[in-house]
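Reader: I am new to this structure and would like to go through it step by step. Please show it to me before we start.

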Amino acid sequence: MPRPSQPLLSRRLVIETALRLIDEEGLETFSLPRLATRLQVRTPSLYHHFTDKAEILAAVAREIVLEARPPSEHLGDAWMEWFVGLGLSFRRAVLRHSNAALVLLQYLPRDVLTEVYEEAATVLAEVGVPAEQRLLIIDGLDKMVLGAVLTEAMKSPADRARIFSGVEPEKLPALATAMDANSRSAAEIYAESLRCLLRGAVNPADLVPAQP
């Protein structure tokens, strides 16, 4: 029997194509007929792998989050940089797919994130952060990272570079002065903000590293 001229439809192919379609054309125009056309199949064929559009979008959100990987090493005394590295990895993954930011808002895969939180709790335990402080740090970083990154993703590329747009010095002189004095990029401000949260949440004198 001759091989088919096109690859057989699979969940993996549908997810990858859906994400690519959203990246290229935006979420507003995304539809199952449009996806089927890109895959060169009929729309009903998609229902062999997914129950509806919502399930496809949930899989797309999961795919984006899985692109953000925690640093492979816990870094010991430089443990704060593990969290900064994780936050930057998530930011890069989301900004690569900024058209899908609203998909993440609606279909954020909490099961994937919970596995990351477990590793984060392990890092905090290893360096001796008191148990009662660990959830404060993890939850605070979760809210800060998700809020900052998804908000940034929904801005235009030009607005992302300006941090704040539409600032008129004659109306907002203090903010304009602060912006003129800033030498950090958006990514650098984001990373330093994560460090500020961690420094404020952890008193080095309270650290009692776990025994090997």
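Reader: Which residues does the domain assignment give to domain 2?
Author: The model is predicted. The domain assignment of the chain gives two parts. Domain 1 covers 9-49, and domain 2 covers 69-199.

Reader: What distance separates the centres of domain 1 and domain 2?
Author: The centres are taken over C-alpha atoms. Between domain 1 and domain 2 the separation is 31 Å.

Reader: How many residues of domain 2 are in contact with domain 1?
Author: Contact here requires heavy atoms within 4.5 Å. On the side of domain 1, 5 residues take part. On the side of domain 2, the number is 6.

Reader: How many residue pairs are in polar contact across the interface of domain 1 and domain 2?
Author: The side of domain 1 that touches domain 2 has 3 nonpolar residues, 1 polar and 1 charged. Across this interface the rule finds 0 salt bridges. For polar contact, with both residues at pLDDT 80 or more, the number of pairs is 3.

Reader: How far apart are the end C-alpha atoms of residues 31-50?
Author: An unreviewed UniProt entry annotates residues 31-50 as "DNA-binding region". Residues 8-68 are 62% helix and 0% strand, while residues 31-50 are 40% helix and 0% strand. The ends of 31-50 lie apart by 14 Å.

Reader: Which helix holds R195, the salt-bridge partner of E81?
Author: The count of salt bridges comes to 15. In one of them the side chains of E81 and R195 meet at 2.8 Å, N to O. E81 lies in helix α4, so the pair ties together parts that are 114 residues apart in sequence. R195 lies in helix α10.

Terms used
Residues are numbered from 1 along each chain as its sequence is written. This is a predicted model: local features need pLDDT of at least 70, side-chain atom pairs count only at pLDDT 80 or more; totals for chains, interfaces and linings use all residues. Side-chain values use heavy atoms; hydrogens and water are left out. Domain bounds come from an automatic or database domain assignment. A salt bridge is a side-chain nitrogen of Lys or Arg within 4 Å of a carboxyl oxygen of Asp or Glu. A polar contact is a pair of N or O atoms within 3.5 Å; within protein, one must be able to donate a hydrogen and the other to accept it, and residues adjacent in sequence count only if both atoms are side-chain atoms. Ala, Val, Leu, Ile, Met, Phe, Trp, Tyr, Cys and Pro count as nonpolar, Asp, Glu, Lys and Arg as charged, and the others, Gly among them, as polar. Helices (H or I, at least four residues) and strands (E, at least two) are DSSP runs, numbered from the N terminus. UniProt positions are given in the numbering used here, feature names are shortened, and annotations may be inferred rather than shown by experiment.
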